[in-house]
Amino acid sequence: MTTTPDTDDKVEVVRQATRELARKFDNDYWLDKDRKHEYPWDFVKAFAAGGWLGAMIPEEYGGIGLGLEEAAVMMAEISASGAGMSGGSAIHFYVFPPAPVVKYGSEQMKREYLPKLASGELLMAFGVTEPTAGVDTSRIKTKATKVDGGWIVNGQKVFITNAQNAQKILLLARTSPRREDKPLWGMSLFLADMDRSKITVREIDKLGRAAIDTNELFIDNLEVSDDRLVGEVDKGFYYLLDGLNPERIVVGMEGIGLGRAALGIGSEYAKSRVVFDRPIGRNQAVAHPLADSWIRLEAAEGMALRAAKLFDAGLPCGPEAAAAKYLGAEAGFEACDRAFSTLGGYAYAKEYHIERLWREVRLLRNAPFSQEMVRNYISQQVLGLPRSY
């Protein structure tokens, strides 16, 4: 009689399988992609062949229907392999942005697009952030105007991943004027075509994650048919809320993976680098920061997996998800920074890979939810303190 493995067994199966696959692409592979600013398509294809792009897409739509806990572990293993955020983001944007389509899309939309996302045939961008709105999404200015049979969209987006290659974009736009009493009402989600005759894409030259493009979008009279509306008109922001906690948990896990990649490099260097006739790892000033980072990374993973278990059980997990993102970003950056110090001058040399991990992990303190906004959230929602903004 065949039995279904329990959750912990499934997590370990996913951890081992994705670790083995990700580590077929070594640090030199990622250094090459970083130098060339080249999208890692062969890495994506390898994960597509294993079915991992459809990790959280239900089986009936071509996915493998994993829970968030398993998907989060997968993303941590990708990041920890040395892929960092270049590999993490390449897979992340297949796994998590489709969540509103999975939950709120029409049956036709799900059957048409989810199998293509799961197989890697379709690449999607995620269009929410705007240059004048920042974290106050209620202030977005991109507008969708109703016309016969659909909508006409005009506006601007910024920090949009994958727009150089994406065929579709999950786009948030105002469909009703902003109301002071309900500022987050009146926005709608559209699964729109990346029509290059209507959308101008300009890549942003940035600090890290060079293999994955980040862009500004200028949208001029983009036509979107009625059947590309996700869910109901004016409720789009509320659909995004269902994806915020998973994203925060996963970003925390990606930070943990980055930290572990750097910690591995730093520890090996500390064992082999001899100064004053002794390996530098014998010195507590070198060893203790690395040991402290191991402890902090383990603790951060504990919080992230706790949050993921709550989510998978259908229980509230907002504070835990926020804490997971905060701790993963902090522990990951600190581990990379300490590894950087361990290598000394060699940390500046690209061939040692630490500088690349260091550049990539710094992003996670800012995005998608800054450390300051996490503190604001916990202050208000958990501690009951007055709102500061």
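Predicted model: local features only at pLDDT ≥ 70, side-chain atom pairs only at ≥ 80, totals over all residues.
Trainee: Which residue lies over the face of F369, and how far is it from the ring centre?
Mentor: R248 lies over the face of F369, at 3.8 Å from the ring centre. The rule asks for NZ of Lys or CZ of Arg within 6 Å of the ring centre and within 35 degrees of the ring normal. Residues are numbered from 1 along each chain as its sequence is written, and side-chain values use heavy atoms, with hydrogens and water left out.

Trainee: Why is the pair of Y269 and Y346 called tilted?
Mentor: Rings of Phe, Tyr and Trp (its six-membered ring) pair if their centres lie within 6.5 Å; planes under 30 degrees apart count as stacked, over 60 as edge-to-face and the rest as tilted. By this rule the structure has 16 aromatic pairs. The ring centres of Y269 and Y346 are 6.4 Å apart and the planes stand at 55°, so the pair is tilted.

Trainee: What makes this pair a tie between parts of the chain?
Mentor: Helices (H or I, at least four residues) and strands (E, at least two) are DSSP runs, numbered from the N terminus. Y269 belongs to helix α7 (residues 236–272), whereas Y346 is in the loop between α9 (318–343) and α10 (354–361), so the pair ties together parts 77 residues apart in sequence.

Trainee: Is Y346 buried, exposed or partly exposed?
Mentor: Buried means under 20% relative accessible area, exposed over 50%, and partly exposed in between (1.4 Å probe, protein chains only). Y346 has 38% and therefore counts as partly exposed, while Y269, at 12%, is buried. Y346 also pairs with Y352: the centres are 5.2 Å apart and the planes at 45°, so this pair is tilted. Y352 is partly exposed, with a relative accessible area of 27%.

Trainee: Which residues form one aromatic cluster?
Mentor: The cluster is formed by F25, Y29, W30, F43 and F47.

Trainee: How many disulfides does the structure hold?
Mentor: A disulfide is counted as a pair of cysteine sulfur atoms within 2.5 Å, and the structure holds zero. Among the cysteines, C317 is buried, with a relative accessible area of 3%, and C336 is buried at 1%.

Trainee: What makes the contact between helix α4 and helix α8, and at what angle do the axes cross?
Mentor: Axes are lines fitted to C-alpha atoms, for helices over the stretch in contact, and angles run from 0 to 180 degrees between N-to-C directions. The axes of α4 (residues 68–95) and α8 (residues 284–312) come within 8 Å and cross at roughly 145°.

Trainee: How do you know whether L364 is buried or exposed?
Mentor: The relative accessible area of L364 is 1%, and therefore L364 is buried. L364 lies in the loop between α10 and α11 (371–382). Leaving aside neighbours within four places in sequence, L364 is in contact with M85, V251, E254, G255, L258, K325, A329 and Q371. L364 and G332 are 32 residues apart in sequence and 8.8 Å apart in space, C-alpha to C-alpha.

Trainee: Which peptide bond is cis, and where is P368 found?
Mentor: The bond from A367 to P368 is cis, with omega near 0°; P368 is in the loop between α10 and α11.

Trainee: What is the phi of F159, and what is the phi of D234?
Mentor: Phi of F159 is near 60°, a positive value in a residue other than glycine. Phi of D234 is near 75°, also positive in a residue other than glycine. F159 lies in strand β3 (residues 150–161) and is exposed at 54%. D234 is in the loop between β8 (229–230) and α7 and is buried at 9%.

Note on methods:
Contact = heavy atoms within 4.5 Å.
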